[in-house]
Amino acid sequence: MVDIKSNRDEKFDKLIRTNLRKYNKSKCQWMKDNLGDIPEDNYYNFGVYDNGKLVGGASGIIQFDWYFLEELWVDEKYRKQHIGIKLLENIEELAKKENLTGVRMETWNFQAREFYEKNGYTVYAQIEDCPPCTIEYFLKKRLK
């Protein structure tokens with residue numbers, strides 16, 4: 001009989017990720033040709049500082065020939081000063097330098113959908129009620 005247990009173990013997460021990536025590489029030629037034996041996640045983060053204080057930043061990861069923008073934040077006192085635009089420009093410069101297909105991210109209806117759209121990103125999917133009473137948008141910008 002199969003026994004299912006839940007856990008929050010980082011080693012367990014890595015084992016699952018390793019096994020899934022091994023399977024995916026056996027089924028996808030691009031992954032087989034482009035991903036190494038050990039699953040490496042390529043995190044690239046950008047910080048904006050004012051007199052040593054963090055006032056904005058972006059974090060993401062390069063996977064599957066895309067930059068996945070996981071978070072972008074600008075302190076409310078520093079908004080409307082083009083910091084978000086500068087962060088996107090830096091991300092896109094990195095993506096071009098790395099010859100990536102593009103940049104993709106998620107945002108909720110109470111966050112920054114219009115900001116991303118003004119900067120050339122398009123919505124390709126959405127999910128209602130995740131979390132409840134919100135809409136989560138998935139956006140992308142192809143660079144090649």
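Author: Let us begin with Lys 141, which counts as buried because its relative accessibility is 19%, and the cut-off for that word is under 20% relative accessible area. Please keep in mind throughout that this is a predicted model.

What does the side chain of Lys 141 meet? It meets the side chain of Glu 92 in a salt bridge, with 3.2 Å from N to O. Lys 141 belongs to strand β6 and Glu 92 to helix α3, so this pair ties together parts that lie 49 residues apart in sequence. Glu 92 is buried as well, its relative accessible area being 10%.

In one of them, the side chains of Asp 65 and Lys 144 meet, with 3.4 Å from N to O. Asp 65 is placed in the loop between β2 and β3, while Lys 144 is in the segment after β6, so here the parts tied together are 79 residues apart in sequence. Lys 144 counts as partly exposed, because its relative accessibility is 49%.

A further salt bridge joins Glu 117 to Arg 113, and the closest N and O atoms of this pair are 3.1 Å apart. Glu 117 and Arg 113 both belong to helix α4, where they are four residues apart, or about one turn of the helix. Glu 117 counts as partly exposed at 33% relative accessibility, and Arg 113 likewise counts as partly exposed, at 28%.

The chain has four helices and six strands, and from the N terminus on they follow the order α-α-β-β-β-α-β-α-β-β.

Which elements each supply at least two residues of its lining? They are β2 (53-63), β3 (66-74), α3 (83-97), β4 (102-108), α4 (113-118) and β6 (135-142). The list thus includes β6 and α3, the strand of Lys 141 and the helix of Glu 92, and it also includes α4, the helix that holds both Glu 117 and Arg 113. Strand β3 gives the most to the lining, with seven residues.

The space in this largest pocket comes to about 1000 Å³. Its lining is made up of 35 residues, and those that lie nearest the centre of the pocket are Leu 72, Gln 111, Ala 112, Phe 115 and Tyr 116. Sorted by class, the lining has 17 nonpolar, eight polar and 10 charged residues.

Strand β4, which is among the elements that supply the lining, is where Arg 104 is found. Arg 104 counts as partly exposed, with 30% relative accessibility. The C-alpha atoms of Arg 104 and Tyr 67 are separated by 6.4 Å, although these residues are 37 residues apart along the chain.

Moving on to the loops, we come to some points of backbone geometry. Cys 130 and Pro 131 are joined by a cis peptide bond, with omega at about 0°, and Pro 131 has its place in the loop between β5 (122-128) and β6. In the loop between β3 and α3 lies His 82, which has a positive phi of about 70° although it is not a glycine. Asn 51, which is not a glycine either, has a positive phi of about 50°, and its place is in the loop between β1 and β2. Is Asn 51 buried or exposed? Asn 51 is exposed, since its relative accessible area is 80%.

Tyr 49, in strand β1 (residues 42-50), is exposed, with a relative accessible area of 55%. Together with Leu 54 and Trp 73, Tyr 49 makes a nonpolar surface patch of about 340 Å².

Definitions and conventions. Residues are numbered from 1 along each chain as its sequence is written. Side-chain values use heavy atoms; hydrogens and water are left out. On a 1 Å grid over the protein atoms alone, a cavity is a set of points where a 1.4 Å probe fits but cannot get out, and a pocket is an open set with protein on both sides within 12 Å along at least five of seven lines; lining residues have an atom within 4 Å of a point. Grid points are joined across faces, edges and corners, and a volume is the space filled by probe spheres set on the points. Ala, Val, Leu, Ile, Met, Phe, Trp, Tyr, Cys and Pro count as nonpolar, Asp, Glu, Lys and Arg as charged, and the others, Gly among them, as polar. Patches are made of residues with over 30% relative accessible area and no salt bridge: like charges are joined within 9 Å, nonpolar side chains (Val, Leu, Ile, Met, Phe, Trp, Tyr) within 5 Å. Accessible areas come from the Shrake-Rupley method with a 1.4 Å probe; for residues, only the protein chains shown count as cover. A salt bridge is a side-chain nitrogen of Lys or Arg within 4 Å of a carboxyl oxygen of Asp or Glu. Buried means under 20% relative accessible area, exposed over 50%, partly exposed in between (1.4 Å probe, protein chains only).
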